[in-house]
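Have your viewer ready and follow along.

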Amino acid sequence: MSPAAAAGPASQVSLSPDDARLITLRAQGLTGTESRRGGVPGMLRRIGAVQLDTISVLARSHELVAYARLGAIPRTRIERAYWGQETASAAHPPGAFEYWSHAACVLPIEEWPYYAFRRRALAARLMRWHATNEKACAEVLARLRADGPLTATQLGGAKKGGPWWDWSETKIAVERLLDTGEVICVRRTGWRRVYDLPERVLPADLLGDGKPDEECVRRLVATAGRALGVATRADLLEYQRVRQWGVQTMSTVAATHEVALAAGLVPVSIGHGDRAAPAWADPDALAAAGGDGTGARGRHRVTLLSPFDSLIWDRKRTLRMFGFEHVLEAYVPQPKRVHGYYTMPLLARGRLLGRVDPVRRGRTLVARQLSLDTPAAAEPMARALREAASWVGCDDVSLGRVSPPDLTSRLEAALR
């Protein structure tokens with residue numbers, strides 16, 4: 001236990017909301033140059049999970065998350081870091097696997113044993129989205145054993161031909177096996193999952209029944225604490241949604257306190273006086289910030305964020321920390337959208353200062369709808385648009401509707 005935790009509540013560090021925000025930005029790899037060490041694999045281990053999503057506007061979300069932290073590195077390098085092994089094996093293990101964390105995510109391969117509690121919880125369910133045919137599961141396993149890693153298409157087809165969730169019996173079966181850990185995904189090809197057997201690709205020390213529920217939860221809480229730097233109880237629960245899978249380890253405040261201490265986190269408070277809120281901090285993040293949060297400075301990234309970025313995927317936390325209400329409107333009917341289809345927040349000067357709904361048209365990045373919270377955000381937005389355009393192979397940036405409209409000329413000048 002750290003000295004801060006052993007000393008008891010009287011020695012707790014009191015952080016201002018700004019200190020907490022800056023510590024989180026540093027923990028998320030969005031300030032300072034040291035955050036680029038280790039490239040994409042280092043970034044993945046730092047933030048613990050990278051959410052996947054099918055929507056591709058500028059790029060897919062897992063690419064955007066790496067870009068926001070590492071800059072304009074080649075997109076092929078990002079893909080290789082997640083799914084680089086063409087023939088993963090125990091001798092040449094993959095660096096990541098796909099599973100359910102905050103949502104469907106890419107996770108560091110060494111975390112496989114700590115998701116055993118989730119695999120057990122899903123195995124106990126008779127169904128999740130679809131009823132499963134046990135015969136189909138057995139047939140899928142037999143095919144994978146006989147023929148090696150396969151996509152759903154190679155197994156017989158992913159869909160019946162109807163809407164998005166109109167899965168074939170084979171697709172339902174292989175996804176059930178993925179849920180329960182009898183099948184693993186460590187590679188994609190053409191955005192299709194390639195399914196394989198864990199014993200064929202994982203090192204021996206990662207195989208087996210996995211860790212007990214309590215140890216799994218403790219690991220995920222420690223990961224959330226490290227990835228956020230400082231977090232409330234609600235933040236720790238939401239980051240990897242540890243309470244949603246049949247595990248009641250953190251069902252009470254007292255239980256959370258015990259788990260957080262066991263995970264190596266130290267109690268702090270955010271704010272002062274009657275408004276002070278209890279929270280938890282990663283001791284290394286606290287030490288890097290000078291021990292009291294006041295040293296949490298560094299060069300801030302100016303970048304556009306994926307709507308699924310781990311900095312902002314918790315909407316309540318985003319509103320509390322940044323005063324920024326972020327909603328993904330891709331699934332909202334077009335007439336009801338306020339900010340656009342795929343709104344990307346602008347991160348600059350350690351704050352969220354605006355948002356843009358971009359799209360690529362040929363070699364032009366079009367900012368279909370753009371809003372700024374302050375006139376001073378015009379130059380950072382222009383810089384972020386230019387950099388993003390260059391990264392995805394666009395030569396020009398075009399503005400659509402700007403809010404407030406009187407900032408249009410300032411943006412145009414900054415873009416030039």
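Which residues in α6 meet which residues in α9? Keep in mind as you look that this is a predicted model. On the α6 side they are Arg-119, Leu-122 and Ala-123, and their partners in α9 are Arg-176, Asp-179 and Thr-180. Sorted by class, this contact holds three charged residues, two nonpolar and one polar.

Now step back to the helices themselves. Two packed helices are described by the angle between their axes and by the distance between those axes. For α6 (residues 116-124) and α9 (residues 169-180), the angle is about 135 degrees and the axes are 7 Å apart. The two helices are therefore oblique to each other.

Next, turn to a second pair, α4 (residues 61-70) and α16 (residues 378-391). Their axes come within 12 Å and cross at roughly 125 degrees, which makes α4 oblique to α16. This crossing is right-handed. Glu-63, Leu-64 and Tyr-67 of α4 make the contact with Ala-384, Glu-387, Ala-388 and Trp-391 of α16. Here the classes are five nonpolar, two charged and no polar residues.

The largest nonpolar core has 90 residues, and Leu-370 and Leu-385 have the most contacts inside it. Its largest share, eight residues, comes from α16.

Technical notes:
Residues are numbered from 1 along each chain as its sequence is written. This is a predicted model: local features need pLDDT of at least 70, side-chain atom pairs count only at pLDDT 80 or more; totals for chains, interfaces and linings use all residues. Side-chain values use heavy atoms; hydrogens and water are left out. Axes are lines fitted to C-alpha atoms, for helices over the stretch in contact, and angles run from 0 to 180 degrees between N-to-C directions. Helices (H or I, at least four residues) and strands (E, at least two) are DSSP runs, numbered from the N terminus. Angles under 35 degrees count as roughly parallel, over 145 as roughly antiparallel, 65 to 115 as roughly perpendicular and the rest as oblique. A crossing is left-handed if the near helix is turned anticlockwise from the far one by less than a right angle, and right-handed if clockwise. Contact means heavy atoms within 4.5 Å. Ala, Val, Leu, Ile, Met, Phe, Trp, Tyr, Cys and Pro count as nonpolar, Asp, Glu, Lys and Arg as charged, and the others, Gly among them, as polar. A nonpolar core is a set of buried Ala, Val, Leu, Ile, Met, Phe, Trp, Tyr and Cys residues joined through side-chain atoms within 4.5 Å. Buried means under 20% relative accessible area, exposed over 50%, partly exposed in between (1.4 Å probe, protein chains only).
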